[in-house]
Amino acid sequence: MTSTILPAAVAGFGTGLSLIVAIGAQNAFVLRQGVRRQAVLAVVGICALSDALLIALGVAGLGAVVTAWPAGLTAIGLAGGAFLIGYGLLAARRALRPAGEALATNGASAGSVRAAVLTCLAMTWLNPHVYLDTVLLLGSVSAERGSLRWVFGLGAMLASLAWFACLGYGARLLGGVLSRPAAWRVLDALVAATMLVMGTTLLARTV
């Protein structure tokens, strides 16, 4: 039994990792929070748990519901595109500040944690691609595993948890580089470009 379970879990891990390890709005946000060391546990937890739920829905066979509800995906795409553009504009404004931003190492206030949680939830659940990739694609691939589809799904969940934990907590290694305001301006400029491009693309594809 182990000889069949392990390959299915490894395949799920690899497939899940291939879908999330890419430059995107969610990863850029997790990276920025990790560098700032603000609400990292909450952000990593939301991303990993959200992925786990979406993967479970896909493995359970709810991908058909996603494809059968195009109006819902359109509404999510419009809201998500507008949100990403708005966040990108805020990041661009931070990048244009002459004083830049200092590295925060003393924890996060309740307000900043709340804002980070809400932003993370929006970036995760207002992205229609997460439903197509995680629920539909992963769900379809897992179905090929037959009785081992849940083992495959568990592998994908572990890949998501490992990636977001490494991204969120590993980002603090950049603290020395980003101790200068100029470096923060570069990071915010990259975040702004990512968000604006993805938001515009999302709106264009939705409309």
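Analyst: Let us start with Thr 194, which counts as buried because its relative accessibility is 16%, where buried means under 20% relative accessible area, exposed over 50%, and partly exposed in between, with a 1.4 Å probe and protein chains only. This is a predicted model, in which local features need pLDDT of at least 70 and side-chain atom pairs count only at pLDDT 80 or more, while totals for chains, interfaces and linings use all residues. Residues are numbered from 1 along each chain as its sequence is written, and side-chain values use heavy atoms, with hydrogens and water left out.

User: Where is Thr 194 placed, and what lies 2.9 Å from a polar atom of its side chain?

Analyst: Thr 194 belongs to helix H9, residues 181-206, helices being DSSP runs of H or I with at least four residues and strands runs of E with at least two, numbered from the N terminus. The atom at 2.9 Å from the polar side-chain atom of Thr 194 is the backbone oxygen of Leu 190. As a general idea, an α-helix has 3.6 residues a turn, so residues three or four places apart point the same way.

User: How many helices and strands does the protein have?

Analyst: The protein has nine helices and zero strands. For one of them, H8, the 22 residues reach 31 Å from first C-alpha to last, close to the 32 Å expected at 1.5 Å a residue, the expected span being 1.5 Å times one less than the number of residues. The buried residues of H8 include Phe 152, Ala 156, Ala 159 and Phe 164.

User: How should I read the cysteines, and is Cys 120 buried or exposed?

Analyst: A disulfide is a covalent bond between the sulfur atoms of two cysteines. The structure holds zero disulfides, taking a disulfide as a pair of cysteine sulfur atoms within 2.5 Å. Cys 120 is in no disulfide, and its nearest cysteine sulfur, that of Cys 47, is 3.5 Å away. Cys 120 is buried, because its relative accessible area is 1%, whereas Cys 166 is exposed, with a relative accessible area of 54%.

User: Finally, which residues does the loop residue Arg 145 touch?

Analyst: Arg 145 sits in the loop between helix H7 (128-143) and helix H8 (149-170). Not counting residues up to four places away in sequence, Arg 145 touches Pro 7, Ala 8, Ala 11 and Phe 152, a contact meaning heavy atoms within 4.5 Å. Arg 145 is partly exposed, because its relative accessible area is 36%.

Notes:
Polar contact = N/O pair within 3.5 Å; in protein donor to acceptor, adjacent residues only side chain to side chain.
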